[in-house]
Amino acid sequence: CAERPVPRHSPLPLPRSLVRVMAAAADLEAVAPTGALWGLVHDFVMGQQEGPADQVAADVKSGSYTVLQVVEALGSSLENPEPRTRERGIQLLSQVLLQCHSLLLEKEVVHLILFYENRLKDHHLVIPSVLRGLRALSLCVTLPPGLAVSVLKAIFQEVHVQSLPQVDRHTVYSIITNFMRTREEELKGLGADFTFGFIQVMDGEKDPRNLLVAFRIVHDLISRDYSLGPFVEELFEVTSCYFPIDFTPPPNDPHGIQRDDLILSLRAVLASTPRFAEFLLPLLIEKVDSEILSAKLDSLQTLNACCAVYGQKELKDFLPSLWASIRREVFQTASERVEAEGLAALHSLTACLSRSVLRADAEDVLDFFLSNILQDCRHHLCEPDMKLVWPSAKLLQAAAGASARACHHITSNVLPLLLEQFHKHSQSNQRRTILEMILGFLKLQQKWSSEDKGERPLSAFKDQLCSLVFTALTDPNTQLQLVGIRTLTVLGAQPDLLSPGDLELAVGHLYRLSFLEEDAQSCRVAALEASGTLATLYPVAFSSHLVPKLAEELCMGESDLAREDGSTKRSRHLRCLQALSAVSTHPSIVKETLPLLLQHLCQMNKGNVVAEPSEVIAVCQSLQRVAEKCQLDPESCWYFHQTAIPCLLALAVQASMPEKEHSVMRKVLLEDEVLAAMVSVIGTATTHLSPDLAAQSVACIVPLFLDGNISFLPENSFPCRFQPFQDGSSGQRRLVALLMAFVCSLPRNVEIPQLNQLMRELLELSCCQGCPFSSTAAAKCFAGLLNKHPAGQQLDEFLQLAVDKVEAGLGSGAHRSQAFTLLLWVTKALVLRYHPLSSCLTDRLMGLLSDSELGPKAADGFSLLMSDCTDVLTRAGHADVRIMFRQRFFTDNVPALVQGFHAAPQDVKPNYLKGLSHVLNRLPKPVLLPELPTLLSLLLEALSCPDCVVQLSTLSCLQPLLQEAPQVMSLHVDTLVTKFLNLSSSPSMAVRIAALQCMHALTRLPTPVLLPYKPQVIRALAKPLDDKKRLVRKEAVSARGEWFLLGSPGS
């Protein structure tokens, strides 16, 4: 480092020529400063006031003074023999330049630079202000060429940077950064002298604020190809001395510098050039071998980063030591993080070696490295106790995953060994472990096979692999079967590994596993998933071998149902339906499975089968799963739609017709839950239709309901007309739910025929008595169509009709409930699309909270307005759902709810609390938190409401707030503890569970606030420990345990 110059106590001469030269540079005469400027300068320099500096700078920017006049006014101060006076003078000039550097002319900059360079030789008290002035000048766009080099040379020669305070050292780094950004070519002209000079500046830096800047400078030196000359090792030493970073930020640090910031910044430097390799790699090996966990992690992560820029040349000599260190960490470490980083580093090392291009006469370093790994790991795979088998497998797989070459090399050596070990061990657990390792290598081979299509290293082992998998699938151990299923899926995903015979065997095993009993449910689910995956790849095999078996099983199931056999037969029937839907992943298979499912449904309808609703629902659920899979392929989607929808509608219409003979099945088809299942099928089959195809379908289905046009239905010979809207029977009216499922799932740009008539019929049906299901379905259908209808005169007419119908219905006692349902769904349809009328309808709904008959329903209606539906008004069904509609509803209506609560009579206050609780419970918590102080008292009052729905909704709202707003909630801790404990004895199990979860969440509040309540809570929570419900006891144990630990060390 440069020696510090001897302080001078006499001022360096400041010739008056500086003022004259600057005046000449500006082509001006040296104009005498005004009296006001003299006064400001005097106040700053002699009066030690800070304000005048900003005033002078502001006056210069406004044009009141020039920089030349400021220099003239400072003349005596800059020449003063007292160092402190000179320092104040230069400080004022520097502060003005920092704010006004853009106003300087080129020649002014030249002479100011020369002046400041000269002042670097002045007394040490002056140096900080001089550096600030140079920083200002380094920002000048008019800085002439050559002066940046001159300034840095002067700093390197005259200033001992590390003896300066932190802020002044930061100023030096800023000067260097500014020049590197704007004068790069000039600085590169200094060659290695610039690098050496910066090394002197940085050497010994300790402040983290400065280190972040210094590390960035070093990184730029390397990445922008500055000359390092003979100083590579010195540059490495001056930065690597901080490795590994050991920094703990002070509490309440205003600068916000974290340890990770320094770690990542230093790592970017160390891993920026291969020229550091010979110095860095020994350091990394040393730190990995240390006992400090953070040093191990940092070293392995840095090695990982280095591998991205290193090559064989840099790594070759250090590979044995690196491998030894990584192997030891994976074999012996007690930290999962160190193990993971070690494996990542091995992966990167192997990838780095794989990237290097070999010359014909060059040594294959990758082959040598992999041979070492195999030599040290393979014998552990054969140990009888299998102690180190997993660590060895992880190391081998980490290396194999790095490249196709590495994968082929390792797999071809390890796979025969693992196959042999599988047959040597007879215990299922040991076999499962070995098969999981084989599965890991197969997945890696699958990853690389797509890139290297010429290599098929698994082909030599395919017979052994298939035999091994089939052995696992027939083993009684469930866990081994699970791994076998996963292995079969991976094998099948690679071409040419499963022969036709193997495929037939595989399908047979999957068929068998799909019908396992309940205690092996995980295996059955895995088998169904594997069937779906492999059916996509091998549709012919599954069509030939699996679908016929399932069809036969389905026929047997029909006869079993007819004989009313036991639950086991029904269970097999259900699993057969699940298997049929699971394999419907290919268009050709769908064309076989869909007719089977529909035929099965028809057979249940025709025969005298005693079918429970659950049986029909199971078929519909299978159809829905097939519809979901068909959504990915437009052709399959249309096939499903035009095949399944007419069939379902025909069955439903047939069931709605009056029959002389009593049919249990037909009655079942009209039950609420069965129709809801059919709604899901029709909706799923419609949402992904193209507009053209949807238009074809809507031209058939809407006339069916409006005109009774049954021509497109299969087996359309019915005993009477289908007229759900014109004096139809209750059964026919119920089928409006199926119309709702279809028209409310269509794309918005599909034109619906006879829309005006349809809307009027729906409106009439929505207020009919006698069948709440059909009136609700009509109201939902009407609302769904309203939501999608474009704005205009027709929409306004429909809305006016709806409002008139609602008001008429609410005024008469007979239709009030139906009119309220219509009001609720129309309001939701308009709220979702931000329609202006939504506010009027919401106010009407709010007014009903005081109604003695409809008040509780109106309160529950707010839950519907704020929640997502599954059948209508969904984004998937193309509804117009605006973003943040909940936040808007909250802002527009909660103040009115609160006001209404305060003004309402005592007997209807619970309705307001219930509605408010529903709104807040479904509101995003970031929106609720700012409003919490004003609403919390109402939420606490809602806990005293006797309605269990209100209690549960409020508890669900409060639980996350206990964690997200502890300071606000702490103010009400006494009330919260009392009410939660009271509700832990509620007659409702759901309320008891929610109250105990809130008691658990209370422990997140500040401990000093809770400690006075600890004995009371522990005593009170002893009671729910004996609750008759297991789930309640579980929550009580969890909550009481947290309260026991409250205030204990480490809690």
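**Notebook: a predicted protein chain**

I began with confidence: the protein chain of this predicted model averages a pLDDT (the predictor's confidence in each residue, from 0 to 100) of 87, and 92% of the residues score at least 70. I noted that residues are numbered from 1 along each chain as its sequence is written. I also noted that local features need pLDDT of at least 70, that side-chain atom pairs count only at pLDDT 80 or more, that totals for chains, interfaces and linings use all residues, and that side-chain values use heavy atoms, with hydrogens and water left out.

I looked up residues 1-17, where pLDDT stays under 50. The model gives this stretch 39 contacts (heavy atoms within 4.5 Å) beyond four places in sequence. I then read residues 23-32, where pLDDT is also below 50 and the model has 13 contacts beyond near neighbours in sequence.

**Salt bridges**

I searched the whole structure and found 29 salt bridges, each a side-chain nitrogen of Lys or Arg within 4 Å of a carboxyl oxygen of Asp or Glu. One of them joins the side chains of Asp 289 and Arg 328, at 2.2 Å from N to O. Asp 289 lies in the loop between helix H15 (277-288) and helix H16 (293-306), and Arg 328 in helix H18 (residues 319-332), so the pair ties together parts 39 residues apart in sequence. I took helices as DSSP runs (H or I, at least four residues), numbered from the N terminus.

**Backbone**

I recorded a cis peptide bond from Phe 243 to Pro 244, with omega near -10°. Pro 244 lies in the loop between H13 and helix H14 (259-270). Leu 873 sits in the loop between helix H44 (855-866) and helix H45 (885-903).

Methods:
Helix = DSSP H or I, 4+ residues; strand = E, 2+ residues; numbered from the N terminus.
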